[in-house]
Amino acid sequence: MMNIGVLALQGAVREHVKALEAPDVNVIAVKKVEQLTDLDGLVLPGGESTTMRRLIDKYDFFEPIKQFIAEKKPMFGTCAGAILMADELEGYAEPHLAVINMKVERNAFGRQRESFEADLSVKGIGADVRGVFIRAPIIQKVGKEVDVLATLDGEIVAARQGPYLACSFHPELTDDRRMHQYFVDMVRDSLKK
Amino acid sequence: MEKLTGTDRVKRGMAEMQKGGVIMDVVNAEQAKIAEEAGAVAVMALERVPSDIRAAGGVARMADPTIVEEVQNAVSIPVMAKARIGHIVEARVLEAMGVDYIDESEVLTPADEVYHLNKREFTVPFVCGARDLGEAARRIGEGASMIRTKGEPGTGNIVEAVRHMRMMQSQIKKVIGMSEDELMTEAKNLGAPYEILLEMKRSGKFPVVNFAAGGVATPADAALMMQLGADGVFVGSGIFKSDNPQKFARAIVEATTHYEDYALIAELSKNLGTAMKGIEIATLEKKDRMQDRGW
């Protein structure tokens, strides 16, 4: 049995919880720092990254999450979650959690009226993944240790660095569970080691 | 690669990202920054907050675009703005300005006494007020991507928001528990589109995000609405009509996140200064009730 948490400070928590549910996965909506202890993997959901960061600081999640990362436990960030995981943010002096060697630009496609959906080819998953992009960020560049999993019109929209996975879009808003399954497999692999 | 904008999934999904959060009314860049700093998930750019609209009387319209633009330039979180019920041009103007969400709002004086906007025709998503499931389902039928309870705006009195949220939640549960052969009669009784009720019945949930609004004046009020099943809260006059907006805004955000942590809410509620004065609903004349606007 794996314990996978979804950081539940704000955002599309319920959708991730639902998408992760499986017979061998115990999904936990994480509202308190103590809940991080028993987790084998953590999802940072979509939402408003500035709000989440403020609540991360307010409730002293920052150091415990950094510790979680130091233990190389798998982490998956979607949209705002990917922004939190970047180690460089366009237009900002400081990143948030700095998990993946990538530079991310917030709201890169424009305002809400420019939000869209499109089919993507995601490495290791398939050529027909529906990407829902909502005020989405893009990954401007990645370090050489980072594997680019998907691009859209030449822009990087999904990437993986070892146990860390990030995407600009919202797999939790579709019925396609493959991205979540991919992450669950990452968690399963990490437990074998 | 073909990009589809303005789909239901993109419009409703935008509201999904706001869940568990607080959307704050602001009238200038300074207030917008305070709201963002406090952890608001979005701001509603207005010319006047509801309590001032109520006090001023006369016709309340879409905000001056200068204010909307000023707020858009001040923050990176989404910016919403209000258009009058049925005012196609105000809504198109706000869409053209790149507002992230439009509130077709009873807080403003309605422009059409019969029809709401056909919100399906817009790329920008809409939020609309509702007092019960019939009203909510009609708005969703017209294309609203998010619903909020109406409450009674600008009163600082939570009682109407509670009434509306309890009503909606009980009606939602009832529809989900019904058998499909009962749905058409229920649709008739509620004045709700049948297809929306069928969608609810089959998916087992209300189809869009449902926030609480209209009367939230304290952190405890916000937490109360979350407990009654709201996905998040709109705070209008409550924050910037209080003595210490910064502290107040933060307290409301935290109470919304941890709505079941009563010791924390006690801490948050200490020394907040005076909340907005508030109005007893029974003293409001029928013509002054904003919640009755909308059809």
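An open sheet of 3 strands runs in the order β8(A)-β7(A)-β1(B), with antiparallel pairing. The edges are taken by β8 (126-133) of chain A and β1 (4-5) of chain B, each with a single partner strand, so one side of each is left without a neighbour in the sheet. Keep in mind as you look around that this is a predicted model.

Staying with that sheet, strand β7 (residues 116-122) of chain A is joined to β8(A) by 6 bridges, and the two run antiparallel. If you want a spot to start from, find A:Glu117, which sits opposite A:Val132 in β8(A).

**Chain A as a whole**

Let's step back for a moment. Chain A has 5 helices and 12 strands.

Of the 193 residues in chain A, 59% are buried. If you take the contacts in chain A with a separation of 6 or more, 63% of them are between residues 24 or more positions apart. The accessible surface of chain A is about 7,500 Å², and carbon and sulfur atoms account for 47% of that. As for charge, chain A carries 25 positive and 29 negative charges, and their mean positions lie 2 Å apart.

**The parallel strands**

Now for strand β3 (residues 41-44) of chain A. Here A:Gly41 and A:Val43 point one way, A:Leu42 and A:Leu44 point the other way, and all are buried.

Two pairings involve β3(A). Strand β1 (residues 2-7) of chain A pairs with β3(A) in the parallel sense over 3 bridges, and A:Gly5 has A:Leu42 as its bridge partner there. Strand β4 (residues 75-78) of chain A is also parallel to β3(A), again with 3 bridges; in this case A:Val43 is partnered with A:Phe76.

Strand β10 (residues 147-152) pairs with β11(A) over 5 bridges, with A:Leu152 standing opposite A:Glu155. Strand β12 (residues 164-167) is then joined to β11(A) by 4 bridges, and A:Ala158 has A:Cys167 as its bridge partner in β12(A).

Why is strand β11 (residues 155-161) of chain A described as largely enclosed by the rest of the structure? It comes down to burial: 5 of its 7 residues are buried, so the strand is largely enclosed.

| Hairpin | Residues between the strands | Residue with positive phi | Phi |
|---|---|---|---|
| β10(A) and β11(A) | 2 residues | A:Asp153 | near 50° |
| β11(A) and β12(A) | 2 residues | A:Gly162 | near 55° |

**Covered helices in both chains**

Helix α1 (residues 13-20) of chain A is mostly covered, with 6 of its 8 residues buried. Those are A:Val13, A:Glu15, A:His16, A:Val17, A:Ala19 and A:Leu20. What lies over them? The cover includes β1, β2 (25-30), β3, β4 and α5 (178-192) of chain A, together with α1 (8-16) of chain B.

Over in chain B, helix α6 (residues 133-142) is mostly covered too, with 8 of its 10 residues buried. Among them are B:Leu133, B:Glu135, B:Arg139 and B:Glu142. The cover for α6(B) includes α1, β6 (126-130), β7 (146-149), α7 (159-177), α8 (183-190) and α9 (194-203) of chain B.

**One residue up close**

Finally, take a look at B:Ile34, found in helix α2 (residues 29-38) of chain B. Is B:Ile34 buried or exposed? Its relative accessible area is 16%, and the cut-off for buried is under 20%, so B:Ile34 counts as buried. Apart from neighbours within four places in sequence, B:Ile34 is in contact with B:Phe240 and B:Gln246. B:Phe240 is 206 residues away from B:Ile34 in sequence, yet their C-alpha atoms are 9.8 Å apart in space.

Definitions and conventions:
Residues are numbered from 1 along each chain as its sequence is written. Chains are lettered from A and ligands numbered from 1 in the order in which they are written. This is a predicted model: local features need pLDDT of at least 70, side-chain atom pairs count only at pLDDT 80 or more; totals for chains, interfaces and linings use all residues. Side-chain values use heavy atoms; hydrogens and water are left out. Buried means under 20% relative accessible area, exposed over 50%, partly exposed in between (1.4 Å probe, protein chains only). Contact means heavy atoms within 4.5 Å. Accessible areas come from the Shrake-Rupley method with a 1.4 Å probe; for residues, only the protein chains shown count as cover. Lys and Arg count as positive and Asp and Glu as negative; His and the chain ends are not counted. The place of a charge is taken as NZ of Lys, CZ of Arg, CG of Asp or CD of Glu. Two strands pair if DSSP finds at least two bridges between them.
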